[in-house]
Amino acid sequence: MWTMGRKIAAGFALSFVLLALVGVVAFRSVNALTFTSYKVAHTHEVLEHIANLVSLLKDAETGQRGYVITGDETFLEPYRTSVVGIDKVVKDLRQLTADNPNQLKRIEEIESLIAAKLAELKQTIEIRRKGTFEETAKVIRSGEGKKFMDDIRRIADQMDQEERQLLKQRAEEVEAAANAARSTIIYGTLACLLLVTAAGVFITRSLAGQIGMAVRHVHSSSAELQSVANQQASGARESATAMSEISTTISELLATSRQIAESAQRVAHVAEETSAAARAGTRTVLETHESVSGIKRQVDLIVVHMLDLGKKSQQIGGILEIINELAEQTNILAINATIESAGAGESGKRFGAVADEIRKLADRVGGSTKEIRTLIEEVRAAVNATVMATEGGTKAVDLGARQFGQVTDALNQITALLGTTTEAAREIELSTKQQSTAVEQVNVAISNVAKATKETEASSTQTLQTATQLSGLSRDLTRLIQSTAAA
Amino acid sequence: MTVSAPVAEKLAELRGAFDRTFAVARSSDVVDETEDLLFVRAAGDPYAIKVRQISGIVSGRKTIAVPSRVPELLGVAAVRGGFVSVYSLASLLGYAPASDPVRMLVMCGSKEPVALALGDFEGYFRVSSRQIHTGEPTGPTRGRVKQAVRVADITRAVVDIPDLMELIERRVGAHPV
């Protein structure tokens, strides 16, 4: 899209070109007209010279005739004047028609005829001077002089006609050139006027449209700028508030960072103490592991003894079975003895009493063996329970030993991790101190930013005022353009 | 080797009881009539056998089965240098045959001794005659027992051995080997 300056320049350039064209055409027409006028004047001069030449010849002939008739030398005055002037006129004619070969050819022809005529005139004059009128009239009557004069007049007429033809032609050329110049000037001026008017209208409308659009854009932009300035001012105020809050928060953060640094220092100290405690715990666990291994050995020994006790109780049970069997056999024997003693009559009663007592003893022994069996069963159950419990204890001890190993590994890992924790806590302490320094710098920067935000707020207010003024200016410009367009 | 106190006490009690038997003078007049009984179990039920009706008891004897049409006859066993027929007390009392393992044999009869196989022997007891009651107990032993004794809250049928011997003789007479 063309800019306004370009459109204006284009309009002026077009007008300039048209004016220049009209000027050039007019100049050329005037030149042509002038040149043609010169030529017309030249033609008139040629015609004048031709007429003058014929007139001079007539004067010469008139002087010759007067002298011939009168014999008075005074009548030769026109002759003499013409003879002198004819050469100059012919010479002038030659110069004037130097650009016309036909005329030059005729001048050559007429020049010889003039020479012949002048010679005839001179001859007749000489004849008259020496002779008589009759002798001269006789020569004149021969008609040679008249023939020369007729030829001269004929050629002069031809030259006159050609010059008149040229005059007519040049007059037409002058008329044409004048018409062309007139047309060019009129139409060119009209075209120029129309073009300038159209260009003016177009440029005006274009300018009105573009400037109106630009003004509307300016108005819209100024409104947006106003809104943005409002928002910017509001944002700057909020930013200032936020900066203040951030500054407060950063101050709290700074205090927190210092607390963190102190905490990290305490953590490092505690981690070192914990590491020492973990190492002590590792030693304790190793010692406990040794003790547990001793317990395991003792428990294994207890299991062996308990198994031996179980075997012994089994052996006791076997022996008790034998005793029980003996008691039963004794009981049976005693019962049989009792039966036998009952069959032996009075003498067998004492034996029966003994057998009865033996049976009672056997019963009691049987009862005792049952009690002992019960006790042995209880002992065996206790031994089994003890063995089971001991095996469970052994497993628990094994599990404890493994767990102690795991605890040792865990404590070693804890020790290593505590070393890492100590280093990390120190790094945290160092980093937190650096962070505190950075936060202080940030605090300073935030203060600067707060100042800049206040300045921004002031600038935003100023921008708002400028935008408001710009909006007013754009409205004025709009009204101006609308009034211009309406006009 | 030391002996624990309860065992020592029991040992002393046994020794004292045994010594008292010989230390106390034998009384000739018995104030109270007594009855010696063997407490046994047949097919799990408690029974009592009068000691004066048997000739002895043996244990640990192997019973060799012999073919017989008498279902109560379990076989023969070697007792005191001879063979005796072994009958199931439970079968004779009317229980299903071979219901109890043979643990002890009760010798009966004088001319033709036979042995009654017992499933379980609980002991030798001397009871007062007044504890033995005459009656008709119920159960499979009906007709085989006529008395009952109650000891330690357990009522036991008292097997009548002579009646069982007659039963065996009738069975053997009806089905000779």
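**Notes on chain B**

1. Strand E1 (residues 34-42) of chain B pairs with strand E2 (residues 45-50) of chain B in the antiparallel sense, over six bridges. Strands are DSSP runs (E, at least two residues) and helices likewise (H or I, at least four), numbered from the N terminus; two strands pair if DSSP finds at least two bridges between them. This is a predicted model, in which local features need pLDDT of at least 70 and side-chain atom pairs count only at pLDDT 80 or more, while totals for chains, interfaces and linings use all residues. Residues are numbered from 1 along each chain as its sequence is written, and chains are lettered from A and ligands numbered from 1 in the order in which they are written.

2. E1(B) and E2(B) make a hairpin with two residues between them. B:Ala43, in the turn, has a positive phi of about 50°. B:Ala42 stands opposite B:Asp45 in E2(B).

3. E2(B) also pairs with strand E11 (residues 154-159) of chain B, in the parallel sense and over three bridges. There B:Ile49 has B:Val159 as its bridge partner.

4. Strands E4 (residues 73-79) and E5 (residues 82-88) of chain B run antiparallel and are joined by six bridges. B:Gly75 stands opposite B:Val86 in E5(B). Two residues lie between the strands of this hairpin, and B:Arg80 takes a positive phi near 55°.

5. Which chain does chain B touch? 17 residues of chain B are in contact (C-beta atoms, placed from the backbone, within 7 Å) with 16 residues of chain A. H1(B) gives the most to this side of chain B, with five residues.

Terms used
Contact = placed C-beta atoms within 7 Å.
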